[in-house]
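Please examine the structure shown below.

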Amino acid sequence: MKLDQLAKRVAESQKNGCEMDKLTISNPELTVNQAYEIQKLSINETLTDDNRFIGWKMGLTSKAKQQQVGVEEAIYGRLTSDMELTKPVLKVGELIHPRVEPEFAFLFKDELKGANITAKDVWPAVECVFLALEVIDSRYKNFSFTLTDVVADNASSAKILLSNQAYSPYHTDWAQAEVTLYQNGEMQKRGRGEAVLDHPIHSIVELVKMINREGLSIQAGMIVLVGGITDAVSIQASDEIMADYGELGKLTLHVIE
Ligand code: OOG
Ligand code: MG
């Protein structure tokens, strides 16, 4: 089994929006560390001057998300500039079986690294916080995978939408901030920031520790998605998705063919 060959298979599937069998079916001995290597190789292959590496995402940081996909461990993925929606419109034609979930995104002004950082080290490095919707789209059939598979598939990353408004990290208590997700006017999910590891800041701490094992860091200028506050909702063309974050504002996504 060659990791670079598996990375090519994953990259192809991500690029063409075609589903694939779980890598662990033909490679049952694949480890989580090797899956992170596949993730790195497949994403690096897509990087160009126009498609830049812009940050990280944490996934499976809330119980709701872990239960939905049956994987009980936090994971991370890589974000590139192609993933960012510059308008609140999502074309689903190029996706397989997209889902959307409400999140927060942190933008960093300073580098953060190390195995021993705590929340007190994170706050001074944060420039601002955005409301965010993440569109995930597992490349695996039936949105079904093991921990190893989902890591190799870049934690199902597809698209991200950030709020126009940026907030000071000290604007509110992000653990108490509440979000309600509506699909075509119908309430689907509700949760608070504390669903993410008791406080979204802990998601950043975990990420820094995890990437530190590979000698990597959050660099100045990067964004980090902290993980879904609620589980994800399946979406289709003509849907209107609205995340209502109370006094923080609303985020709307129009889904088209
Ligand atoms: C894995 C990605 C998880 C999150 O926020 O928990 C994720 C998946 O659910 O397919 O993005
Ligand atoms: Mg997510």
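**Pockets and a buried residue**

Helix H1 (3–16), helix H3 (32–44) and strand S6 (157–167) each supply at least two residues to the lining of the largest pocket. This is a predicted model, in which local features need pLDDT of at least 70, side-chain atom pairs count only at pLDDT 80 or more, and totals for chains, interfaces and linings use all residues. Residues are numbered from 1 along each chain as its sequence is written.

**Largest pocket**
- The volume of the largest pocket is about 570 Å³.
- Among the 23 residues that line the largest pocket, Ala-11, Gln-14, Lys-15, Thr-46 and Asp-82 are the closest to its centre.
- H1 provides the largest share of this lining, 5 residues.
- Helices (H or I, at least four residues) and strands (E, at least two) are DSSP runs, numbered from the N terminus.
- A pocket is an open set of points on a 1 Å grid over the protein atoms alone, where a 1.4 Å probe fits, with protein on both sides within 12 Å along at least five of seven lines; lining residues have an atom within 4 Å of a point.

**Second largest pocket**
- The second largest pocket has a volume of about 180 Å³.
- S6 gives the most to its lining, with 4 residues.
- Its lining residues include Glu-84, Leu-161 and Lys-250.

**Thr-80**
- Thr-80 lies in strand S2 (residues 75–80).
- Thr-80 has a relative accessible area of 3% and is therefore buried (under 20% relative accessible area, 1.4 Å probe, protein chains only).
- Beyond its neighbours within four places in sequence, Thr-80 is in contact (heavy atoms within 4.5 Å) with residues including Ile-43, Thr-46 and Phe-53.

Technical notes. Chains are lettered from A and ligands numbered from 1 in the order in which they are written. Side-chain values use heavy atoms; hydrogens and water are left out. Buried means under 20% relative accessible area, exposed over 50%, partly exposed in between (1.4 Å probe, protein chains only). Grid points are joined across faces, edges and corners, and a volume is the space filled by probe spheres set on the points.
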